[in-house]
Amino acid sequence: MKKDKSHKKSYPYIFVHGMLGFGDGEKVNDYMPYWGFTSGSLIKMLRKQGYVAYGPSISSLGSAWDRACELYAQLVGGTVDYGKVHSAKYGHERYGRTYDKALLPDWGKLDEQGRLNKIHILGHSFGGATVRMFSQLMAHGAQEEIDGTDPDDLSPLFAGGKGDWLQSVTTIAGPHNGTTVITAIGILLPILKVITYFGFAGFMGNTVANQYYDMSLDHWGVTSDPRGKPEFKKFFRFGKILKVMNTKDNLYYDLSLAGARDLNKFFEINEDAYNFSISTSNSIETRNGNHRMKNWTTFPPFIMTGNMVGVHRYDKSVQEELGDEWLESDGCSNTVSALHPDDEPFMSFYDADGKYQRGIWTVMPVYQGDHLDVVGFSTSNLLAPYKFRNYWKKYFQLLDDLD
């Protein structure tokens, strides 16, 4: 895909990473690009072809709401505003980091031909929930924030009315309706929380390591800003770490089936944008009706988690029996959950027949691969990166051709 200057207007691409991910501003991305991994950076590929593309760094453990607020501040410039009402409700600071330079200073403005400057936004894994939250706030705002904040003090993000600033929204292996891996892994979940919040955020987030890999939980008083000096004393704020770890304002709750239902009650589809979802699968059905991962193509940790999901028929977060369709997964996301939100309109890619519509989810063909394979991290992609890159070239061309 090469940018044609005579072609109709092209828009910047914004890539939103998932849980424990990282943006293109973090040093770890220089050696292992999140968007491309062993297959080469998709962001650099787009830039070489003349497109504007960014992968902002947002909290790797934050809630969909908090991450959307961080994303907005980086795109338009200024200080992150998590909302007066939201911040008071969950007990963290209202304001976060300040970004003096906007990534997209002309976003939402008219160009010389009177055309609105829009963006394509794509989110992988929990980045899918993040871009849905972002689209929700841009289009519909947040009534609680509007009601509880002085108009002169309200962030433009919460005012809504900007749904048309988004040309397209894409979720990739995004758990629209939650993922059962949160309850399927059982006792491993609290262990994972301790490792990520105390180890990655509390310890690494307050040493020079955060200049390479940034957890960005400053507003909880847990991590240091990598642009300044590390404050190791924050590691000993165990009460604050436990607070964010156990709140509903974090990634782990939003990923659960219960948390996803809460999000879906808040979300309305953005009728001004094209909405696409790419689901993923790397499991096969066994004779007894369960699912197991395709071991030889799967990232090793996902063999364990995927096999647990493949037998998980009761979810504690909602206290419900689950149908067999919830057993298929990519090791982290349930295939059925990543297809589309249960309560929003959708249509198959094949039924669309190239005539895509705004305000409805277009469900793309299921991508065959595990949770990281779809963003380039796998042995097969290392051996044959052209297959992965060609897939995304075709998809970017689809987005670029939208009216």
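**View 1. R132 and E344 meet in a salt bridge.** Their side chains come to 3.3 Å, N to O; a salt bridge here means a side-chain nitrogen of Lys or Arg within 4 Å of a carboxyl oxygen of Asp or Glu. This is a predicted model, in which local features need pLDDT of at least 70 and side-chain atom pairs count only at pLDDT 80 or more, while totals for chains, interfaces and linings use all residues. Residues are numbered from 1 along each chain as its sequence is written, and side-chain values use heavy atoms, leaving out hydrogens and water. R132 is buried, with a relative accessible area of 6%, and E344 is buried too, at 8% (buried is under 20%, exposed over 50%, partly exposed in between, with a 1.4 Å probe and protein chains only).

**View 2. D225 pairs with R97 and with R227.** Where do D225 and R97 lie? D225 is in the loop between α9 and α10 and R97 in strand β4 (residues 95–99), so the pair ties together parts 128 residues apart in sequence. Helices (H or I, at least four residues) and strands (E, at least two) are DSSP runs, numbered from the N terminus. The D225–R97 bridge spans 4.0 Å, N to O, and for R227 and D225 the closest N and O atoms are 2.8 Å apart. R97 is buried at 10% relative accessibility, D225 is partly exposed at 22%, and R227 is exposed at 52%. Salt bridges with shared partners join R97, D214, D218, D225 and R227 into one network.

**View 3. F232 sits in a loop.** This loop runs between α9 (188–203) and α10 (238–246). F232 is partly exposed, with a relative accessible area of 34%.
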